[in-house]
Each structure stands twice: as structure tokens, then as C-alpha cells.
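Hi everyone, thanks for making time for this. I'd like to walk you through one structure today, so please have a look at it while I talk.

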Amino acid sequence: MEPRAQWPGRSSQSAEDDAVAPSGVSPLVPGPNSADTPQLDQPQLVVVANRLPLRRTVARGVEHWERSPGGLVAGLAPVMAGRDCAWVGWTGDGNGSEPFVHDRIRFVPVEVTPSEVEEYYEGFSNRTLWPLYHDAIRTPEFQRSWWSTYVSVNQRFADVTAQTAAPGALVWIHDYQLQLVPGLLRQMRPDLRIGFFLHISFPPQELFMQLPWRKEIMEGILGADVVGFQVPIAARNFSVLAKRLTSAQGRGSVLDFENRQVKVGAFPVSIDVGSLEAIARSDETQLRAKEIREQMGSPETLILGVDRLDYTKGIEARLTAYKEMLFDGTISVPERVMVQIAVPTRDSVPAYMEQRLAIERLIGELNGDFGQMGSPAVHYLHRNLDITELVALYCAADILLVTPYRDGMNLVVKEYVACRTDSGAVVLSEFAGAAQSLTSAYLVNPHDVQQLKEGILRAIVAPPGERRQRMRALRRSLLSWTAEDWATAYLSSLTSTETA
Ligand code: F6P
């Protein structure tokens with residue numbers, strides 16, 4: 001299979017959202033105002049996301065741009081190719097920068113100062129909205145100063161976007177950090193077609209109603225022409241709340257709001273399957289996968305977890321289940337080993353620091369109680385992995401555990417399935433958006449340790465024929481809806497003024 005269109009200068013890239021996209025270390029594009037690139041004045045498509053898909057580093061006094069972790073890259077690359085596009089976002093550091101063009105895409109950095117990072121990003125985005133939108137797994141914190149910084153940073157994103165977009169352009173705004181941008185932008189540029197897509201889950205009214213700024217957030221999102229979610233239940237939650245909190249009215253997938261029609265729907269995000277599959281099939285990757293298994297003592301079963309180190313991911317739930325299985329003798333080391341990759345994330349936020357301590361303590365206990373000399377019960381890495389190493393690990397693992405308490409989609413599971421052209425098994429939380437389509441996984445409730453243990457055991461003892469059959473079904477589902485399908489479907493809904 002031909003690899004799909006890729007982001008300029010990348011060998012491959014996981015899709016956005018929670019995919020544990022690798023961190024690149026080599027310079028990928030020239031610095032700002034690069035002389036060898038043409039200027040671009042009239043972007044017809046403007047992507048607006050909290051982060052640019054590149055970040056700035058300085059090595060030996062020279063500025064470079066390298067790929068940043070996460071990013072919406074894989075899904076958007078195919079729809080951006082061949083159009084004049086711009087990408088508006090934060091560079092991930094405190095410095096501003098001039099816009100620069102590379103490969104017909106204008107990158108427009110938005111400055112966010114260190115104190116704004118604390119209040120807008122760490123505070124309102126990740127201590128208020130993130131827990132509130134994830135079942136209040138941690139208590140959301142409501143601070144008025146964070147809210148006012150969220151408003152002013154959203155205004156800045158809207159201003160920069162208004163100055164960037166060509167007349168009548170499509171503007172696609174992404175995620176919970178920027179929920180006010182659709183409304184703010186519409187006030188300044190009513191000529192634009194504005195889309196908003198939420199990558200994380202959207203809560204039911206019982207939770208959302210806690211938010212002191214609930215009405216402002218709803219009105220902000222309703223500034224869009226198309227509001228997209230990962231799954232239908234999130235779209236329904238949104239419509240119910242829109243009608244309760246604002247003047248919006250309507251039934252089904254179209255709301256009437258301030259003399260406009262707003263389409264609301266589910267557009268499940270996916271990944272660039274072809275690129276990952278190509279890496280997985282290469283001889284180097286297959287060799288490395290074999291080597292990994294040997295390094296781990298050639299276990300009968302290699303069980304893998306790969307997550308951003310986030311408290312929503314249910315890492316401790318799966319470690320607890322694994323621990324109980326070792327304790328009650330259902331499984332033993334070194335026949336079964338586990339690898340947990342925890343990708344560093346948001347490590348200035350207290351709940352994330354606590355989560356790291358909790359997980360590392362649990363892993364210490366597991367290894368102390370059940371490991372052997374040279375054979376730990378859990379191999380633990382707290383870092384980003386290079387894409388080729390990650391794919392090799394996916395190829396080496398017999399079972400992938402994806403056990404979030406709540407997850408908009410979860411792309412790690414899709415990455416694993418993309419890489420498994422033969423067999424393999426997935427234990428998947430029913431609270432991940434991916435569970436809606438990947439129904440041939442072993443579906444579990446991560447709050448139920450007993451069910452988690454049963455799910456893991458079923459995956460371990462499944463006969464090879466069953467595993468192959470399930471993986472075939474998982475792959476069929478994945479291949480029927482890739483990142484490119486997602487982006488194309490969303491943009492055609494945004495382009496079309498039809499509402500039926
Ligand atoms: O899934 C939500 C999300 O915020 C994505 O937008 C982002 O790629 C990922 O989580 C990583 O988060 P952050 O940008 O906070 O590091």
C-alpha cells in the first residue's frame with residue numbers, strides 16, 4: 001500500500017489528539033522568513049490549533065523548527081496539500097515569532113506569555129476544562145483569573161486568524177483550548193466559513209452545568225457553522241446544552257442560532273494508516289521487533305501500554321489488574337512481561353505530578369514483589385519514543401492495553417491495529433471513543449478490576465485463530481475510515497451549505 005500524503009519533511013507522524021506522536025530531534029524546516037520559500041498571501045484554508053505542528057529549538061545559537069509532540073498533522077496533510085493554507089498556533093514557548101512559509105503553508109505563531117501559559121493552558125484548559133470534560137475524574141478547579149486569561153488568549157487567536165484568512169476562506173478551529181474563537185472570529189469576519197472540532201469528549205449536562213462560564217463557552221462554539229465531535233453522544237450532549245443555555249433551537253443535527261444554522265455532528269478522527277503500516281512492514285522494523293522480544297527474555301506474552309502520562313488513561317487500573325493477576329498466580333514473570341511507555345505531558349500541573357508518582361510507586365511495588373533478576377515484571381520508560389522504535393514495539397507486543405476512564409477517541413489503539421498486519425490483541429476500555437468502531441477488541445470497563453483481569457486473561461489465552469480473526473475485523477474497521485476520510489468529510493460538511 002502506498003503511504004499517504006505526509007507532512008513536509010516528516011518520515012511519518014501519528015495523528016493528533018492523544019496519539020503519542022514522536023518527538024523529532026532534527027531540524028525539519030528552515031527558520032522564519034526562509035528565503036527559499038515563496039510568500040503566501042491568501043490562505044483559503046486556515047487551521048487554528050493551540051499548538052503549531054512545529055516547535056522552535058535553538059542549537060548552538062541557530063534557530064530550528066522541529067516536529068512537536070501530538071499535532072493534527074496526519075489527518076490534515078492530505079486536505080492541505082495543493083491548497084494555499086495557513087496554520088495559526090502557539091509555538092510552545094514564550095517567544096513570539098514572525099509568520100513564515102514552508103511548502104505553501106504559512107505558519108502563523110501566536111505569542112502566549114509565560115504567565116498566560118500558567119493561566120490559559122495549565123490553568124483553565126488543563127485544570128478546569130480537561131477534568132470537567134473527562135467525567136470529573138479529578139476535581140475541576142474554577143478560578144476567575146484563569147477564565148479572563150482564557151478569554152484574552154482566545155481573543156488573540158481570533159485576531160491573528162482574522163488577519164490571516166483570505167475573504168470567504170474556510171477556518172477550522174480545533175479543541176477545547178480555543179472554544180471562544182469561533183464566536184469571536186465571526187464578530188470580526190462574518191464572511192468566513194468557520195468550523196470547530198472538539199478532539200476530547202464533551203460532558204453531559206450534569207457535569208457541564210458546574211462551569212461558571214457555561215453560557216459563554218456554548219455561545220463561543222456556536223459561532224461555528226459546523227461543530228464536530230468524536231462520537232454521537234458528545235454531539236447530543238452539546239445540542240441539549242446549547243438549547244438549555246442559549247437561544248439555540250432545533251432538532252437533530254441542525255441548530256438555529258442567531259439567524260444562522262449550525263450543523264452539529266460526529267466525525268471520528270483517525271490516523272494515517274498507510275504510513276504506519278509501511279514502517280511496520282519494513283525489514284528493519286521486523287528485525288527490531290524480534291530484538292525487543294529477545295531483550296525481554298523471549299516471553300510467551302508481551303503486554304504493552306503506551307500513553308501520555310495522564311490520569312484519564314487508566315494506567316494505574318491496568319497495573320493494578322496485572323498486579324492482582326501476578327499475586328493470585330494467574331500469570332507469572334518471566335513468561336508474561338509488561339512494557340509501559342509513559343509519554344511526559346503537562347508536567348507542571350499538580351495532578352500530573354501526582355499521577356507520575358502514583359504510577360511509579362505501583363511499578364516499583366510490582367517489580368519489587370514479582371520481578372526477577374534481569375526480568376522485571378514491568379519495563380517502564382518515561383519518555384517519547386522515536387516513531388520507528390514505537391512501531392517496532394507495537395509489532396513486538398502480543399497484547400495492547402488501552403484502558404482510559406474517558407477518552408475522546410484514543411489513537412494509540414488505532415496505531416497498534418495499523419501496525420498489526422498479522423495478529424495481535426487489544427484490551428480496550430468501553431469509555432474510549434475508539435470502542436465505538438473497534439468492537440472486536442476485548443472491551444472492558446476499566447473501573448472494574450475483575451473485568452479488566454478477565455479481559456487481559458481472555459486476550460492471553462485466546463487461540464491464534466481467534467486473535468487473527470479479531471485483528472482482521474479491527475483492521476477492516478480501521479481501514480474503512482482513515483485520517484484522510486475524517487478531514488475530507490469534515491471539510492465537505494463545512495463547505496456545503498446544505499443542512500439535510
Ligand atoms: O487530546 C487533546 C490534546 O490537547 C491534543 O490537542 C494534544 O495533541 C494532546 O492532547 C497533547 O496535549 P498538550 O498539547 O497539552 O501537550
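Predicted model: local features only at pLDDT ≥ 70, side-chain atom pairs only at ≥ 80, totals over all residues.

The chain has 500 residues, and 60% of them count as buried. Its secondary structure comes to 16 helices and 17 strands.

Let's go inside. The largest nonpolar core has 70 residues, and the members that touch the most others are Leu76, Trp87, Leu304 and Leu428. Which helix gives the most to this core? That would be α12, residues 387-396, with 8 residues. There is also a second, separate core of 69 residues, and among its members are Leu129, Ala165, Val171 and Tyr352.

If you click on Leu304, you can follow its contacts beyond the neighbours within four places in sequence: they are Val339, Ile341, Leu393, Tyr394, Ala397, Ile399, Leu400 and Leu401.

Back to α12 for a moment, together with α13. In general, two packed helices are described by the angle between their axes and the distance between the axes. Here the axes of α12 and α13 come within 9 Å and cross at roughly 70°. That angle falls in the range of 65 to 115 degrees, so α12 and α13 are roughly perpendicular to each other. On the α12 side, the contact is made by Leu390, Val391, Tyr394 and Cys395, and on the α13 side by Val412, Glu415, Tyr416 and Cys419.

You'll have spotted a cysteine on each side there.

Next, the backbone. Most residues other than glycine have a negative phi, and most peptide bonds are trans. Let me show you some exceptions. Val333 and Pro334 are joined by a cis peptide bond, with omega at about 10°. You'll find Pro334 in the loop between α10 and β13.

Then there are two positive phi values. Ser298 has a phi near 45° and is in the loop between α9 and β12. Asn410 has a phi near 85°, and its place is in the loop between β15 and α13. Buried or exposed, how do these two residues come out? Ser298 is exposed, with a relative accessible area of 52%, while Asn410 is buried, at 2%.

My last stop is Arg186, in helix α4, residues 181-188. This arginine counts as buried, because its relative accessibility is 14% and the cut-off for buried is under 20%. Setting aside residues up to four places away in sequence, Arg186 touches Leu192, Ile194, Gly223, Ala224, Asp225 and Arg260.

That's my tour, and I'm happy to take questions.

How values were computed:
Residues numbered from 1 in each chain as written. Heavy atoms only, no water. Helix = DSSP H or I, 4+ residues; strand = E, 2+ residues; numbered from the N terminus. Buried < 20%, exposed > 50% of the residue type's maximum accessible area, 1.4 Å probe, protein only. Core = buried A, V, L, I, M, F, W, Y, C linked by side-chain atoms within 4.5 Å. Contact = heavy atoms within 4.5 Å. Axes fitted to C-alpha atoms, helices over the stretch in contact; angles between N-to-C directions. Parallel < 35°, antiparallel > 145°, perpendicular 65-115°, else oblique.
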